[in-house]
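This briefing goes through selected features of the structure shown below, grouped by topic. Each point can be checked against the coordinates.

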Protein chains: 2
Amino acid sequence: MPVAIEPRAAAPKIILTRPLDPSFLEGGALLDEAERKGRIELVRWAKDKPVDRQWLLDELRKGGTEGLVCMHNGEKIDDELLDAAGPSLKVVATMSAGYDHVDTAALKKRGVRLGSTPDALTAATADIGAMLVLMASRRAGEGVRAVLDGKWPSMPWNPLLLCGQSLKGSTVGVLGFGKIGQLTLKRLLGFDVSRVLYSTSQPGVALTPEKDYFNTLATAEFHGVDVRPAESYDELARESDFLVLCCPLTSATKGIVGADFLSKMKPTAYVVNTARGPVVDSDALLAALQEGRLAGAGLDVVTGEPNIGADHPLVQEPKCVVLPHIGSATVQARSGMSRDAVRNCLAGVGVEGFEWANEVSL
Amino acid sequence: MPVAIEPRAAAPKIILTRPLDPSFLEGGALLDEAERKGRIELVRWAKDKPVDRQWLLDELRKGGTEGLVCMHNGEKIDDELLDAAGPSLKVVATMSAGYDHVDTAALKKRGVRLGSTPDALTAATADIGAMLVLMASRRAGEGVRAVLDGKWPSMPWNPLLLCGQSLKGSTVGVLGFGKIGQLTLKRLLGFDVSRVLYSTSQPGVALTPEKDYFNTLATAEFHGVDVRPAESYDELARESDFLVLCCPLTSATKGIVGADFLSKMKPTAYVVNTARGPVVDSDALLAALQEGRLAGAGLDVVTGEPNIGADHPLVQEPKCVVLPHIGSATVQARSGMSRDAVRNCLAGVGVEGFEWANEVSL
């Protein structure tokens, strides 16, 4: 008996800007299944490299696209692109927590909804934050580099060789105290830190129990760590031995860790950035490191990435360890992000049985 | 009025095999003060590189040396050296936790006491253990290397690029459950691990509350992590997703993580060694990594160090991240180690006001 197949013309058209391997990424499997069942019409960018802008504009101009599953890297969602899509577009679903590549005003103006995936990558990013605090303060970048360069045999042990600083008794500052900031801090609480200062976009405002997503306050109490909101960004700069940046990139946070902020920090302090590159002023950071006004930095993100070459001064600077934006790079996180992005898109175009994982309020 | 100075002939002679900068290292300041006050006669190896064996033998053969403050790296304390020192030698104080460079039987035969510094470096080494668990599982070695080699611009983001594994829900195995093992575990308990198996030299024997030095068991309970002794080394090998080696190097632990042990491990597991290089069989580890029988390794110690060149196969292996033995490399730890080594030596030669920090039972 033939199976009744819903006519494909009725299925909403979705464009996917990156292959999502269904054997590792749940979102890829969800899309494949929806396509196979004829519930969506899927147009795929087939190459494993960033989508070609012109290809995407051309596909959108064919008309009828209702959903777009896009990535963070190198894809600008702007007026030109939305004009190309026309009024059929209902939802942009980015497979990322941040959406600074999306012109939210342009979306709002057209009534296009926006989905993001902030939850699936929280743990992976928190782990990288804690790791970078350790790597920066224990000079792991210098250590790895010395071994790779074959210098170990000619640098036999001496009592102060490659000595770093301990977290014991230190004050940890967290700028951006949403889920990632809270969980990064929770990881660090087991390292005998003494005190924590945090700040959201509103310095001085205390975390409420309802927004304490990971039991971080009770964990701090268990470890005997004093946790309170910083009264001001100035206090955060002045008091932190380790400053971890976990805030979104907004007009208010762009360049917030610049020359002025860094001038207030201790020369023995470390800065770790797992947020977005432009939160830190690269030139000001470099100057502080080179002039001995800051002990070290650990960066998972750098302004201008991925165009950060071996000759970039922050890569060259021994006190700075740079990772190629691997904050969300666990199989678990990427699979969850793909799942949430696809859910957002399928819910946004009205495929039955799917609910939004996270809709951004525009 | 002239100050009465005790005749130097009465002061016990001590040899120090490495300069200890008194502005950073408390032990250096203690020795300087004791020398200045004429309470010891101090013979110093003045160069900031390992002591020349012949210089040391010649100094010892001059006779009268009562105490020797030595380092771990490259200094063998053996029959030849003890014969050179003769019967005046009362104490060997090594500035290290491990004393596998010391022939303990040769010391015991002559009635020479041995001091070591296990406590001052516990926190620093535990931090490196936790850091290497993260670095190995998050492919930080590959990430750092890619950035240093200028590859970031040509490897734009893709959904599975440099993806590692999360600690969430994992089983952590700890081989060697003394102070360093316990504190390493305590650091990792904040990373959402599910279960811990540990083993001392006696598998199956549970940690008693009196030997739980850092409240690790209560911390595990707080985090809801199941902690119990492994019934056997086999179980430790079979069940661990992350195996951390924190045991002393003894005839029983030499090569314990060899071909047989590794053949029982999961292909998705990681090995981290912050103990001593020879605890791991380097060839067997390399084979397991190359053949996909182990996911990755993080090594702070490697057999044959410091003669580990850039062409060493474990340095070349992308799944292995190697640090140049920086486990105890914090200013705080090294200062404490120097203090404890000098205390051991001064107590051993009978300088008034000094007590042993840690005497090794021979």
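The model is a predicted one.

- Asn215(B) lies in the loop between strand 7 and helix 8 (216–223) of chain B.
- The phi angle of Asn215(B) is near 65 degrees, a positive value in a residue other than glycine.
- Arg139(B) also has a positive phi without being glycine, here near 55 degrees.
- The loop that holds Arg139(B) runs between helix 5 (122–137) and helix 6 (140–148) of chain B.
- With a relative accessibility of 27%, Arg139(B) counts as partly exposed.
- In chain A, the peptide bond from Glu305(A) to Pro306(A) is cis, and its omega is near 5 degrees.
- Pro306(A) sits in the loop between strand 11 (296–299) and helix 12 (313–316) of chain A.
- In chain B, a cis peptide bond leads from Glu305(B) to Pro306(B), again with omega near 5 degrees.
- Pro306(B) is placed in the loop between strand 11 (296–299) and helix 12 (313–316) of chain B.

**Strands of chain B**

- Strand 9 (residues 242–245) of chain B sends Phe242(B) and Val244(B) one way and Leu243(B) and Leu245(B) the other way; all are buried.
- In a regular strand, side chains alternate between the two faces of the sheet.
- Strand 9 of chain B is paired with strand 6 (residues 171–175) of chain B in the parallel sense, over 4 bridges.
- Across this pairing, Val244(B) in strand 9 of chain B has Val174(B) opposite.
- Strand 9 of chain B also runs parallel to strand 10 (residues 270–273) of chain B, and 4 bridges join them.
- Here the bridge partner of Leu245(B) is Asn273(B) in strand 10 of chain B.
- Strand 6 of chain B is joined in parallel to strand 7 of chain B by 5 bridges.
- Leu175(B) has Ser199(B), in strand 7 of chain B, as its bridge partner.
- Of the 5 residues in strand 7 of chain B, 4 are buried, and the strand is mostly covered.

**Aromatic rings and charges over them**

- Over all chains, the whole structure contains 9 aromatic pairs.
- One of these is the edge-to-face pair of Tyr213(A) and Phe214(A), with 6.5 Å centre to centre and 65 degrees between the planes.
- Tyr213(A) is partly exposed at a relative accessible area of 41%, and Phe214(A) is partly exposed at 23% relative accessibility.
- Phe177(B) and Tyr198(B) form a stacked aromatic pair, with 4.1 Å centre to centre and 10 degrees between the planes.
- Phe177(B) lies in the loop between strand 6 and helix 7 (179–188) of chain B and Tyr198(B) in strand 7 (residues 195–199) of chain B, so their pair ties together parts that are 21 residues apart in sequence.
- Phe177(B) is buried at 4% relative accessibility, and Tyr198(B) is buried at 3%.
- The ring of Tyr213(A) has the charged end of Lys179(A) over it, 4.8 Å from the ring centre.
- In chain B, the charged end of Lys179(B) sits over the ring of Tyr213(B), 4.8 Å from its centre.

**Nonpolar core**

- In soluble globular proteins, nonpolar side chains tend to be buried together.
- The largest nonpolar core here has 196 residues, and Met135(A) and Met135(B) are those with the most contacts inside it.
- Apart from neighbours within four places in sequence, Met135(B) is in contact with Met131(A), Met135(A), Ala140(A) and Val144(A), and in its own chain with Ala140(B), Gly141(B) and Val321(B).

**Relation of the two chains**

- Chain A is superposed on chain B by a rotation of 180 degrees with 0.0 Å of shift along the axis, at an RMSD of 0.1 Å.
- The two copies are therefore related as by a two-fold rotation axis.
- The same surface serves both copies, since 100% of the contact residues of chain A recur in chain B.

How values were computed. Residues are numbered from 1 along each chain as its sequence is written. Chains are lettered from A and ligands numbered from 1 in the order in which they are written. This is a predicted model: local features need pLDDT of at least 70, side-chain atom pairs count only at pLDDT 80 or more; totals for chains, interfaces and linings use all residues. Side-chain values use heavy atoms; hydrogens and water are left out. Buried means under 20% relative accessible area, exposed over 50%, partly exposed in between (1.4 Å probe, protein chains only). Helices (H or I, at least four residues) and strands (E, at least two) are DSSP runs, numbered from the N terminus. Two strands pair if DSSP finds at least two bridges between them. A nonpolar core is a set of buried Ala, Val, Leu, Ile, Met, Phe, Trp, Tyr and Cys residues joined through side-chain atoms within 4.5 Å. Contact means heavy atoms within 4.5 Å. Copies are superposed by least squares on the C-alpha atoms of residues with pLDDT of at least 70 in both. Rings of Phe, Tyr and Trp (its six-membered ring) pair if their centres lie within 6.5 Å; planes under 30 degrees apart count as stacked, over 60 as edge-to-face and the rest as tilted. A charge sits over a ring if NZ of Lys or CZ of Arg is within 6 Å of the ring centre and within 35 degrees of the ring normal.
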